[in-house]
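Open the model in your viewer and keep the selection tool ready. This tour moves from one selection to the next.

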Number of protein chains: 2
Amino acid sequence: MPRRSYHHGDLANALLDATETLVTERGIMGFSMREAARAVGVDPAACYRHFASREALLDAFAARCFAGFGAAMEREVGKLADRPAPDRLRVMGHAYLKFALAHPAKFRVMFGPRNVDVRVPIPGQPSAFDLLTKTVEDWGLSIPGTDAAQQAVVLWAGVHGLTQLILDGALPATAKERQAHMDAVVTHEIAGLLARAAKRPKEKA
Amino acid sequence: MPRRSYHHGDLANALLDATETLVTERGIMGFSMREAARAVGVDPAACYRHFASREALLDAFAARCFAGFGAAMEREVGKLADRPAPDRLRVMGHAYLKFALAHPAKFRVMFGPRNVDVRVPIPGQPSAFDLLTKTVEDWGLSIPGTDAAQQAVVLWAGVHGLTQLILDGALPATAKERQAHMDAVVTHEIAGLLARAAKRPKEKA
């Protein structure tokens, strides 16, 4: 096997690139540090100087995926900065599903059983969760007993649940049906937000 | 290795029992027909007469899990047959999360990337999806452009999404926070249903 040398830091990036290729091609099952090392042409021992374990490498890869995901969402929503919050929520829902279907392996690494808290900020850029929370805040709805982050969790749950069910085949659907399902989820979420805010004066805290 | 003999049909059940034990103990990764065969004390070739492949065995196991899940939900909701639909929806949401946290391995087999259409009826008993749809129908809300099954998909998405995010550690939460999140999701879903039904006369089909 050829042995290559890398500048400081480059090997870590090369390993993350190799992880992306390998996980995209074959999924996470069977992925190993040894395999990643082989793909970049170095000894596994060299890799362990950058990532303490296979899990640490996958965690770093998941963090990179979240950064890309947040950037993709921001591109979609950024174009709509002047539009009302419900329009932005709708676009975010569809963008979420689109990302998952376009990058199923990444999505599974991000949201598989890896215990990655997606609310943790990504250095230097907004996360998808930040974007969602900001959209809720921009809307200025005030719902008793719940802050923007709690509302964001509720909105996120519906979009994530539908996406996961479609991705996993639990809810088989054509492209048109998928759109209709996501539209229904977001429409329902928006109706719920408006209803809960509207009746605020009648509610007890 | 001892070889045991089974009456017709018993081996299939024994293999499903072994699958439950093995998958519960160690998850789906690395699970093999060979391992299941060893657990029940027969030759792998005998197993392939009942299940054409590892995937076929896991599909049969997932079907059994769905039957158990539907029965668990029915036990919880059946007690509340006289209660209003929103109360039943709330109980179903909490029961869903409770099942997933109590049986994570089963839940992952049921809802992992196995392309099991959960809306397919389970012979001889209502599925969890049937129960949900029936609850929506019982409520008698009429929302334009959407039938009870479509409404059920929307409700399910929120509950499933929150459950999956908690189970996977994407949304770390204490037991109390988990309850609060699920309550928020179901409250929001109910508010959305009521709002969409209430404004029906003003809407165009």
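Select H5(B), which gives the most to the lining of the largest cavity, with four residues. Helices (H or I, at least four residues) and strands (E, at least two) are DSSP runs, numbered from the N terminus. On a 1 Å grid over the protein atoms alone, a cavity is a set of points where a 1.4 Å probe fits but cannot get out, and lining residues have an atom within 4 Å of a point. Rolling a probe the size of a water molecule over the atoms shows where empty space is left.

Before moving on, note that this is a predicted model, where local features need pLDDT of at least 70 and side-chain atom pairs count only at pLDDT 80 or more, while totals for chains, interfaces and linings use all residues. Residues are numbered from 1 along each chain as its sequence is written, chains are lettered from A and ligands numbered from 1 in the order in which they are written, and side-chain values use heavy atoms, leaving out hydrogens and water.

The largest cavity holds about 190 Å³ of space. A volume here is the space filled by probe spheres set on the grid points, which are joined across faces, edges and corners. Now select Met73(B), Tyr96(B), Ala128(B), Leu132(B) and Trp156(B): of the 18 lining residues, these are the closest to the centre of the largest cavity. By class, its lining has 15 nonpolar, two polar and one charged residues. Ala, Val, Leu, Ile, Met, Phe, Trp, Tyr, Cys and Pro count as nonpolar, Asp, Glu, Lys and Arg as charged, and the others, Gly among them, as polar.

**Stop two: where the chains meet**

How many residues does the contact take from chain A and from chain B? It takes 39 residues from chain A and 39 residues from chain B, with contact meaning heavy atoms within 4.5 Å. The area buried between the two chains is about 3300 Å², and carbon and sulfur atoms give 68% of this. Buried area is the accessible area (1.4 Å probe) that two parts lose on being put together, summed over both.

Val154, Gly158, Val185, His188 and Glu189 of chain A line it, along with Val154, Gly158, Val185, His188 and Glu189 of chain B. H8 and H9 of each chain supply at least two residues each to this lining.

**Stop four: the open pockets**

A pocket is an open set of grid points with protein on both sides within 12 Å along at least five of seven lines. The largest pocket has a volume of about 930 Å³. Select Ile28(A), Met29(A), Pro113(A), Ile28(B) and Pro113(B), the closest to its centre of 34 lining residues. H6(B) provides the largest share of this lining, five residues.

Then go to the second largest pocket, with a volume of about 390 Å³. Phe66(A), Phe69(A), Val118(A), Ala128(A) and Phe129(A) lie nearest its centre. H4(A) gives the most to its lining, with five residues.
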